[in-house]
Amino acid sequence: MTDFGPKIMAMAEHLAQWSDVPGSLTCAYLTPAHRQTAAQLREWMVAAGMDVKIDAVGNVVGRYAGARPGGKTLMTGSHYDTVRNGGKYDGRLGIVLPIAVIAELNRAGRRLPFDLEVIGFAEEEGVRFSATLMGSRAVVGRFDPTALGRRDANGISVAEAMLDAGLDPSAIPGVARRREDVLAFLEVHIEQGPVLLDAGLPVGVVTGIAGSTRHLVTITGTAGHAGTVPMQLRHDAAAAAAEIVLYVEKRCSFAPGLVGTVGKLAVPQGAINVIPGICELSLDIRAGDDATRDLAIADVLVEIDQLAARRGVKIEVAEVMRGPAVPCAPRLQALFAASIARAGVPVRHLPSGAGHDAMLFDGFCDLAMLFVRCGNGGISHNPLETMTAGDADLAARIFLDTLEHY
Ligand code: HGY
Ligand code: MN
Ligand code: MN
């Protein structure tokens, strides 16, 4: 049997050549780099013996027919868009690993007792339009049509970007699968954290995916001359933002598994000698359970109201994403665990603090995830994100074993 590891690593490396920003990996939804990446995935899927199509939202969908025509479909996959200045394996591992496994099945002339669908989801990170998980939402019939109106920094809407890319927004409802046709959804993904690395383990079984919410906050104060306005008369939007950042950090340090991040913070058209009249920031608050997360959000919103009154600024908060905490199906966790044990690896269960396409399948079909160890302290959403060919190979063998024992 082929050595999957080097092949998987080479595929991830190859995809990283296409970026919106030379010198780093940024592959945002429907940019030229994104479309080149999709074309390469399609080519690999065809070469692996799959029937391939690119659907109305840009998902690259490869189907490896089972031994019996008309059987149900086991789905796998992950996203091929990236964050800005991201790593090569976030999302992409979960696409190229199944492609490598299917290529081996195809080489050996083997068929599974079910159809296997590998999906390269076109958009998960929400980088360009702040609308997340558009690829998997479409597949489970939960696409939000209002997302089509979201605009990027250049004022281009999602719908316009789709039409430019030769996609047909009106065909999105047709992307949705029927529950009765689907067996389950399995996602292989890097851990994006240090747990497996610290435990000296190559893979782990995900117990559940943290619920998260995202907000965009706009603070409107009073722009003024930096030299003439006395401090006590100011309505400084950036100073108000700074208080929010520190409050989020403090409040989200209260409970295990609760995290809060202000990932975007900007003074649009700011100038050194002008008191900021406008400041924009983002909130990303997550927890392993929804109640903990929602309590933290409620406290942050109360603090924002009080702070606005105290500082004489206007603060508008728009929720742009809300995803519940999602459990992984025990029967599928057990399948992954048995395959890991058969590979002679200690079985470790762990939660996912990161969100994933798999969470959209909650309520649609059973879902589960296999985590693969990250190097460099587990860093991710960073060009230092790394993994090894050995772990990639082992994860591929475990994934194949799980398919064989499904
Ligand atoms: O933000 C997340 O958790 C994922 O990487 N999109
Ligand atoms: Mn990510
Ligand atoms: Mn990801």
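Begin by selecting Glu125, which counts as buried because its relative accessibility is 8%, where buried means under 20% relative accessible area, exposed over 50% and partly exposed in between, with a 1.4 Å probe and protein chains only. Before going further, note that this is a predicted model, in which local features need pLDDT of at least 70 and side-chain atom pairs count only at pLDDT 80 or more, while totals for chains, interfaces and linings use all residues. Residues are numbered from 1 along each chain as its sequence is written, chains are lettered from A and ligands numbered from 1 in the order in which they are written, and side-chain values use heavy atoms, with hydrogens and water left out.

Donors here are N, O and S atoms within 2.8 Å of the metal (3.2 Å for Na, K and Ca), and sites may look incomplete because water is not among the atoms. Glu125 lies in the loop between strand 4 (115–121) and helix 4 (134–139), and His381 in the loop between strand 16 (366–372) and helix 10 (389–404), so the pair ties together parts that are 256 residues apart in sequence. Helices (H or I, at least four residues) and strands (E, at least two) are DSSP runs, numbered from the N terminus.

Now centre on His381, which counts as partly exposed at 41% relative accessibility. Most residues other than glycine have a negative phi.

Which residue bridges the manganese ion (ligand 2) and the manganese ion (ligand 3)? Select Asp90, which bridges the two ions, themselves 3.4 Å apart. The manganese ion (ligand 3) is coordinated by His79 (NE2), Asp90 (OD) and His189 (NE2), at 2.1 to 2.3 Å, and these donors follow the spacing H-x10-D-x98-H along the chain. His79 lies in strand 3 and Asp90 in the loop between strand 3 and helix 3 (93–107), so the pair ties together parts that are eleven residues apart in sequence. Both His79 and Asp90 are buried.

**Along strand 3**

Stay with strand 3 (residues 73–79) and select Thr76 within it. Thr76 counts as buried, at 1% relative accessibility. Leaving aside its neighbours within four places in sequence, Thr76 is in contact with Pro98, Leu116, Glu117, Val118, Ile119, Phe185, Leu186, Glu187 and Phe399, contact meaning heavy atoms within 4.5 Å.

**Three further stops**

Select Arg251 next, in helix 7 (residues 237–251). Arg251 is buried, with a relative accessible area of 8%. Apart from neighbours within four places in sequence, Arg251 is in contact with Leu258, Leu295, Ala296 and Asp299; the C-alpha atoms of Arg251 and Asp299, 48 residues apart along the chain, are separated by 7.9 Å.

Move on to Leu148, in the loop between helix 4 and helix 5 (158–164). Leu148 and Val158 are ten residues apart in sequence and 4.7 Å apart in space, C-alpha to C-alpha. Beyond the neighbours within four places in sequence, the contacts of Leu148 include Phe143, Met162, Pro169 and Ile172.

Then select Leu30, in the loop between helix 1 (4–15) and helix 2 (32–47). Leu30 has a positive phi of about 70° although it is not a glycine, and Leu30 is buried, with a relative accessible area of 8%.

**Zooming out**

Finally, display the whole chain, which has ten helices and 16 strands. The radius of gyration of the chain is 22 Å, close to the 22 Å that the globule rule gives for 406 residues, so it is as compact as a globular protein of that length; the radius is taken over C-alpha atoms, and the rule is 2.2 Å times the number of residues to the power 0.38. The C-alpha atoms fill a box of roughly 80 × 45 × 40 Å, taken along the principal axes. Buried residues make up 54% of the 406 residues in the chain.
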